[in-house]
Amino acid sequence: MTTTPALTLIRGAEVLTMAGPQGTQPVHADLLLPDGRIEAIGPAMPVPPVCTLAEAHGKLLMPGLVNAHTHSSETFFKGRYEGMPLETWLLYAYTYLGGGPIPDRLLYLRTLLLAMQSLKSGVTTLCDDFFDPMAHGIDRLGIVFQAYRDAGIRVNVSSAVLNTPVLDSTPFGHELFPEHLSAQLKFGAPTTAADYTAYCEEAFRQFHGQADGRLRFAITPSAPQRCTVDMLQACHALAVRHGVPLHTHLLETKVQAVAGQMFYGKTLVAHMHDIGILDRHATLAHAIWLTDADVARMGEAGCTVVHNPLSNLKLGSGLSPIRKLLDAGVRIGLGTDGLSSNDSARVFDLMRFAALMHNGPASDAAEWPVAAEVLKMATIDGARTALLDDTTGSLEVGKAADLLMLGMDNDNFRPRNDIARQLVYCENGSSVELVMVGGRVVSQGGRLHTVDETAVWAELDELLPAYLREHGKWEAANQVFEPCFAEVIRRCKAVDLPGLPRFTPAA
């Protein structure tokens, strides 16, 4: 009978810990990983008597990447759309008029596919703002959790809620949409705060903390303007009670900035503050159209932001004022957003764009992001946005062994000058040789250990064509709304907002 080694020792690597002020400077060290956690980091550690030994000379170890904002709901729409601002794109990716929820099996495979593509590219933690149109079914949520459990990834799953009718949260909506169109955007009685609270409590009971804490439930009101005050406050109470993020979209577009002034007479940040939901639990995705007062208030509150550089570029939403936020003490993570508005699950892509897209000719070079800041966004600060920074995001004693091993004998690191900068400006995920989550190897040599990719794709090749044809029919049906939303966007662009330039977001 063979004794199974109880420990794993990774020996002789260059280690980027992302812990402390020197965390972006590699050190030559070994890692000891008993029971899926980091027990020790140091040079020339003795080999325990019963041990799985991995030689890593010439390799780079770093924390697994955190995708701090995505939507598994979009996974099948990669490369499907272009040339659309957010309010138009929503018509097609999410279809206000639709044919009902995706079948259970495709729901499972859709979620699994996002996890598969994430793990292979070095993402060990996802924050999935799962959206099941107009429904909150605990069994459906269970399917999503099962897919992530099977894939072996660490995840915060939330089930997005909105309970304000579409045109009630759209500036000029009732004025611009004729009755025959506005009638089609009424979907019956909205979800109540009490019903959503009961659903979430059941989700916490059934799913939160499964798989040794790898699977967690979080709270996601879709956006402040899309939820009633009582819903937002109920969501905040849930987040505080269970110690999870209140994850919401905030000020992604000029239309949303106008909504704040039109519906509340203030910015949406001020609205969140005034109703008592802007604090350390608040994680704000996008956060583009911010005034200086908003930024200061966010810093004082201790909330976090998820920067979605590629999605924001594709949808023409604008540039988040990253330097102002960092200077205010706001910690920032990186998110792909969904695979329809981004078209990739690769966080390495995000790092490069986040480091470069703010370097415009009108900006001061001293304020441009640097590689060390961007690496923190993709690792430890991304984990902070998920309230997981005590578990993952850095290689430290006591934390989960969520890590990547990268080869450096390749074009991304040759010649070698500065590893941190080359990770941000040169790496694209092709150097990733091994991915570990909670001490378990989930991907090695570009192949997953947890999922039979060939079988998954064989099933998808059989099921997806009919589903996408059906979705195409609903895309055509929703086209009727596009001229009205285009006029909403045009009018909002012309609105002057206090503290913001007329045509461009805060720089």
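A: R323 has a relative accessible area of 17% and so counts as buried (buried is under 20% relative accessible area, exposed over 50%, partly exposed in between, with a 1.4 Å probe and protein chains only). Its side chain meets that of E373 in a salt bridge, 2.8 Å from N to O (a side-chain nitrogen of Lys or Arg within 4 Å of a carboxyl oxygen of Asp or Glu). Helices here are DSSP runs of H or I with at least four residues, strands are runs of E with at least two, and both are numbered from the N terminus. E373, at 24% relative accessibility, is partly exposed.

The model is predicted: local features need pLDDT of at least 70 and side-chain atom pairs pLDDT 80 or more, while totals for chains, interfaces and linings use all residues. Numbering runs from 1 along each chain as its sequence is written, and side-chain values use heavy atoms, with hydrogens and water left out. The protein chain has a mean pLDDT of 95, and 97% of its residues reach 70 or more (pLDDT is the predictor's confidence in each residue, from 0 to 100). Residues 1–5 stay under 50.

The structure holds 22 salt bridges. One of them joins the side chains of K314 and D343 at 2.6 Å, N to O. K314 is in helix α11 (residues 309–314), and D343 is in the loop between β13 (331–334) and α13 (347–356), 29 residues apart. Here K314 is partly exposed at 26%, and D343 is partly exposed at 22%.

K399 and E396 also meet through their side chains, at 3.4 Å from N to O. K399 is buried at 7% relative accessibility, whereas E396 is partly exposed at 30%. Elsewhere, a network of salt bridges links E175, E487, R490 and R491.

As for nonpolar packing, the largest core has 137 residues, and Y148, F177, I219, M298 and L423 have the most contacts inside it. Such a core is a set of buried Ala, Val, Leu, Ile, Met, Phe, Trp, Tyr and Cys residues joined through side-chain atoms within 4.5 Å. Beyond its neighbours within four places in sequence, F177 is in contact (heavy atoms within 4.5 Å) with residues including L167, L185, F481 and V488.
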